[in-house]
Amino acid sequence: MWTDLLFSVNTIVPIILIISVGYIARIIGLIGAEGIKQGNRLVFYIFLPLLLFYNTKDAQIDLSADLTTIIYAVVTVTLGFVILFLLVPRMVKDRNFVGVVIQGIGRANYAIFGIPLVMLIYPGSDISVAAVIVICVIPIFNVLSTVALILYGEGKTSVWKIVKGILTNPLIIGTLLGLAFLLLNITLPPILDTPIQQLGSIATPFALFLLGTNIDFSKARTNLRLLTGTVIARLVLLPLVFLAGAIAIGIRDVNLAALIALYASPTAVSSFPMAQHLGGDVDFAAQQVIFTTAFSGITIFLFLFALKSMGFLA
């Protein structure tokens, strides 16, 4: 039990500290509005695509991984977005928030939380199912988040605008290129592989830093009701529903741990620069990431403790 709590603390606190540095940097004037905007462009167009490309091309796909768990993950992630597309527009009146809320609830930070969490719960075990889930769900997150942000963004929406947004999204391009390299077994020489890896490694800490520069507590208070609902939906309701389904069909142990990481992780850091460049309320997008990250340490610990107590995690 204490190991699970320690993992939550060790995962969450460094993220909060990096966000705090960004907040302080803006408060004391080290970075201004134009620098923040330029930094977000760098993250969206260079660092995150390279990170997704690198992680995807080097992923270890084990065809013997449990297909039931993988299919369940793909179906439920897609189903979650479908439900959000149906419910959120009816519940959120301000159109500028709709796409951001859909993305904030539906898109998990699985790329950061997934495999480390499963490795902690089952050290030394075969965690190939968690690695395969990453490859399967990241494209779904990116495509459906793009659709949500464009569909409820400013200006007229058309099928072509959505298709163009998907085809030109740097995060989707990076993931698809990585899949192509993976499937074709293409290996880059170290002279190219090393700088790609180094540039990609900038993405997460820099995105978190920029996230901190966008913190405005007065706006968080203004949107407190909607923010509270989004945090509860992301961290409690969604994992409760889909983990119950997984248990009902017999998914257990390491495979169930992979799904806990998928459903109970906070909102993806990349959702912030996505909102910045595709449309939606940027401040609220930042608030979703910050508050779901802050509270996820508690909720992940509680889910692990409960499922271990009930015997679903050996």
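This is a short tour of one structure, stop by stop, with something to select at each.

Before you start, note that this is a predicted model, in which local features need pLDDT of at least 70 and side-chain atom pairs count only at pLDDT 80 or more, while totals for chains, interfaces and linings use all residues. Residues are numbered from 1 along each chain as its sequence is written, and side-chain values use heavy atoms, with hydrogens and water left out.

**Stop 1: the salt bridges**

Select Lys57, Asp58 and Asp193, which are linked in a network of salt bridges. A salt bridge here is a side-chain nitrogen of Lys or Arg within 4 Å of a carboxyl oxygen of Asp or Glu. How many salt bridges does a search of the whole structure find? The search finds 2.

Look at lysine 57 and aspartate 58: their closest N and O atoms are 2.9 Å apart. Then turn to lysine 57 and aspartate 193, whose side chains meet at 2.6 Å, N to O. This pair links distant parts of the chain, with lysine 57 in helix α2 (residues 33–57) and aspartate 193 in helix α9 (residues 190–200), 136 residues apart. Helices are DSSP runs (H or I, at least four residues), numbered from the N terminus.

Are lysine 57 and aspartate 193 buried or exposed? Both are buried, which means under 20% relative accessible area, whereas exposed is over 50% and partly exposed is in between (1.4 Å probe, protein chains only). Lysine 57 has a relative accessible area of 9%. Aspartate 58 counts as partly exposed, at 35%.

**Stop 2: α2 and α14**

Two packed helices are described by the angle between their axes and the distance between the axes. Axes are lines fitted to C-alpha atoms, for helices over the stretch in contact, and angles run from 0 to 180 degrees between N-to-C directions. For α2 and α14 the angle is about 115° and the axes are 9 Å apart. That makes α2 roughly perpendicular to α14, a label for angles of 65 to 115 degrees; under 35 counts as roughly parallel, over 145 as roughly antiparallel and the rest as oblique.

Now show the side chains. Contact means heavy atoms within 4.5 Å. Among the residues making this contact are Phe44 and Tyr45 of α2, and Phe272 and Met274 of α14.

**Stop 3: helix α10**

Select alanine 207, found in helix α10. Alanine 207 is buried, with a relative accessible area of 5%. Leaving aside neighbours within four places in sequence, alanine 207 is in contact with Val43 and Val269. Proline 205 also has its place in helix α10 (residues 203–213), but proline 205 is partly exposed, at 35%.

**Stop 4: asparagine 223 and α12**

Where is asparagine 223? Asparagine 223 lies in the loop between α11 (217–222) and α12 (224–248). Asparagine 223 is buried, with a relative accessible area of 16%, and touches Phe97, Phe284 and Gln287, not counting residues up to four places away in sequence.

Finish with α12 and helix α15 (residues 282–309), which pack at an angle of about 35° with their axes 9 Å apart. Residues in their contact include Leu226 and Leu240 of α12, and Phe284 and Gln287 of α15.

Methods. Helix = DSSP H or I, 4+ residues; strand = E, 2+ residues; numbered from the N terminus.
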